[in-house]
Amino acid sequence: MNSEISPTAPTASSSTVDESRLRMLWREYAERRGAVVALIVCVVLLAAAILAPIIAPQNPYDLSVIDIFDSRLPPGSVNPAGFTYWLGTDGQGRDMLSAMIYGLRLSLFVGVLSGLLAISAGVTVGLIAAYAGGAVDALLMRVVDFMLGFPAILVALILLAVLGQGVDKVIFALVMVQWAYFARAVRGTAMIERNKEYVEAAISLGLSRPRIVFGHILPNCMPPIIVIGTMQIAHAISTEATLSFLGLGLPITEPSLGLLIANGFSFLLSGLYWISVFPGLLLLVTIFSINIVGDRLRDVLNPRLQK
Amino acid sequence: MLVFVIRRLLQSALVLLAVSLVVFAGIYAIGNPVDILLPDDANETERQAAIRALGLDRPLLVQYGIFLLKAVQGDLGTSFVYNIPSIELIFSRLPATLELAMCALFISIAVGIPLGLWAGLRPGTKTDEAIVTGSILGFSLPSFWQGLMLIMIFSVTLGWLPSNGRGATGTLFGIETSFATWDGFTHLLLPAINLSLFKLALMIRLTRAGVRETMPLDFIKFARAKGVSETRIVLAHVLKYILVPIITVIGMELGAVIAFATVTETIFAWPGMGKLIIDSINKLDRPVIVAYLMVVTLMFIVINLVVDILYALLDPRVRIKGQTV
């Protein structure tokens, strides 16, 4: 099963090797039907987020289409103009469904972007530590230990308390709390990889250091990066929502799912459940399906669990 | 062992110093607390007096020096808002948070380990799949939303349990606790469940993975060959073997639970440290923020130390003084 790229593997045939390996991975992944459903849900949500301006019934940012007299209508209400609020309206009279689609767009944007930035930062640090070794490695890993010693939510909370609100600041805080996970995982894998023969071969071919590290070692470190990356994106979305709920994340002008839920909190006690229940459900479905995909990927990509 | 502890303590002091510097410098960058504390119609003289009284007119390095000097004496400044020593303020809120965190951990252990064992002993079955999916659901549920749903179901709709505050506390064995009164207990229930769910999912996964990795090992086969009953194999052999990583995680998670209590405490208006820090951030109560962070850092350091020592006691292989087993 372990289709290790041998040092002499010609580059010409490697694309076909990759393709059959991918197909094999997919067949294994698809063994669990739930995981396939989760993947489909992820794709649909992503599409909805990207196409938000087209598919949302109303633009929740456009004040001219929002009528304050339509506020707090229960799901299924129809306004005098004949517009149906399938999921009701919030305190400002916004269509919940539209607000949720836009909220999802923002939540996914923050989660995915911070995840990708954290991966690049973490992978770079991890590879440098593994390849340089010695004092550099010790120092970098001390920093990683230090970062991982504190719960992500606490660090993010403090960072945002210092920085203030804003999309860029939330993304920065999320990157700060996530990169260390990637750094540690990549370093661990890279330490094993760099002692393998193909690296020795690359060194004896006289390839440059960056090329060996990024062109040869990095591709072989990908499985754990993919798994942790998936999980971390889910975690980032959840953390952003939590921070926004606490009033420390995104500003009120840019309602992510977390902020929508927070807005609904005050109405919840008076029985207006839909304002915070529906965005919460969407948030849950999003995080849940990403986690299911990540969990399945872990099983499929983990060589220890392979028969 | 002694050398190990001393070395760890020295390291910890260094970490604490580094954190204090970072935190102090970071907090210094937040807006001016004088603007918030003084009424809008305060004149310039009053402003200057307030700045002097709070020690904000001195250079940052001097402020840090004074802060550090006082910190070693246990004085982390006086809260701008409450006007009492911030350390005292935090310690007065600590018991409520600790109680909540302990209850949450207890629930996650008491429910999570049996479920994890159950699933791990029957890999691939419907029960196993249900428990695993449930655990993924458990840590996909955003903690704050799950809390809102608990309030909606149990407080608003059913009206069974109160949704905010700590309720009456009483003294039990000399400790002030919510367990002493029925009112306190009912107030504790929802926040504790809210806080436990995430860790519950973790416990299930950890136990299940541990069981699955342990079952094929030789010493289990040997125990079976010896004719040890299956119950005893699970309870005595497997459980003991997987307890080491679980205890490490529980120890490390205690800190995370206390950190996550900020969310739970905000939702349920639980008067603990977490609510205090959120309030302090909103009011820019700088000494309280700094003191909170120092206390939490210290707590993490102590927890990690205790976990390491426990680890050594439980697993003979990591015992520092090599004794024969």
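Select chain A and consider its contacts, a contact being a pair of residues whose C-beta atoms, placed from the backbone, lie within 7 Å: among those between residues at least 6 apart in sequence, 70% join residues at least 24 apart. The model is predicted, so local features need pLDDT of at least 70 and side-chain atom pairs count only at pLDDT 80 or more, while totals for chains, interfaces and linings use all residues. Residues are numbered from 1 along each chain as its sequence is written, and chains are lettered from A and ligands numbered from 1 in the order in which they are written.

Of the 307 residues in chain A, 45% are buried, a residue being buried if 20 or more other C-beta atoms lie within 10 Å of its own, exposed if 12 or fewer, and partly exposed in between, with C-beta atoms placed from the backbone.

Now select Phe182(A), which together with Val257(B) has the most contacts inside the largest nonpolar core, a set of 155 residues. Such a core consists of buried Ala, Val, Leu, Ile, Met, Phe, Trp, Tyr and Cys residues joined through C-beta atoms within 7 Å. Its largest share, 18 residues, comes from helix H4 (residues 96–132) of chain A. Leaving aside neighbours within four places in sequence, the contacts of Phe182(A) include Ala118(A), Ile119(A), Gly122(A), Val123(A) and Gly126(A), as well as Ile225(A) and Ile228(A).

Move to Ala234(A), in helix H10 (residues 222–245) of chain A, which counts as buried because 24 C-beta neighbours lie inside 10 Å. Not counting residues up to four places away in sequence, Ala234(A) touches Ile287(A), Ile290(A), Asn291(A) and Gly294(A), and also Ser140(B) in the other chain.

For the interface, show both chains: 29 residues of chain B are in contact with 32 residues of chain A. On the chain B side, helices H1 (2–28), H6 (126–140), H7 (143–157), H10 (230–268), H11 (273–283) and H12 (286–314) each supply at least two residues. The residues of that side divide into 22 nonpolar, seven polar and no charged, where Ala, Val, Leu, Ile, Met, Phe, Trp, Tyr, Cys and Pro count as nonpolar, Asp, Glu, Lys and Arg as charged, and the others, Gly among them, as polar.

Within chain B, follow H10(B), which spans only 44 Å between its end C-alpha atoms, whereas a straight helix of 39 residues would span 57 Å at 1.5 Å a residue, the expected span being 1.5 Å times one less than the number of residues. At Leu239(B) this helix bends by about 45°, the bend being the angle between axes fitted to the seven residues ending there and the seven starting there.

Just after H10(B), select Ala269(B), which takes a positive phi of about 50° and lies in the loop between H10 and H11 of chain B. Ala269(B) is partly exposed, because 13 other C-beta atoms lie within 10 Å.

Finish at Asn83(B), in the loop between helix H4 (60–72) and helix H5 (86–121) of chain B, where phi is again positive, near 60°, in a residue other than glycine. Asn83(B) counts as exposed, since 8 C-beta neighbours lie inside 10 Å.

Notes:
Helix = DSSP H or I, 4+ residues; strand = E, 2+ residues; numbered from the N terminus. Contact = placed C-beta atoms within 7 Å.
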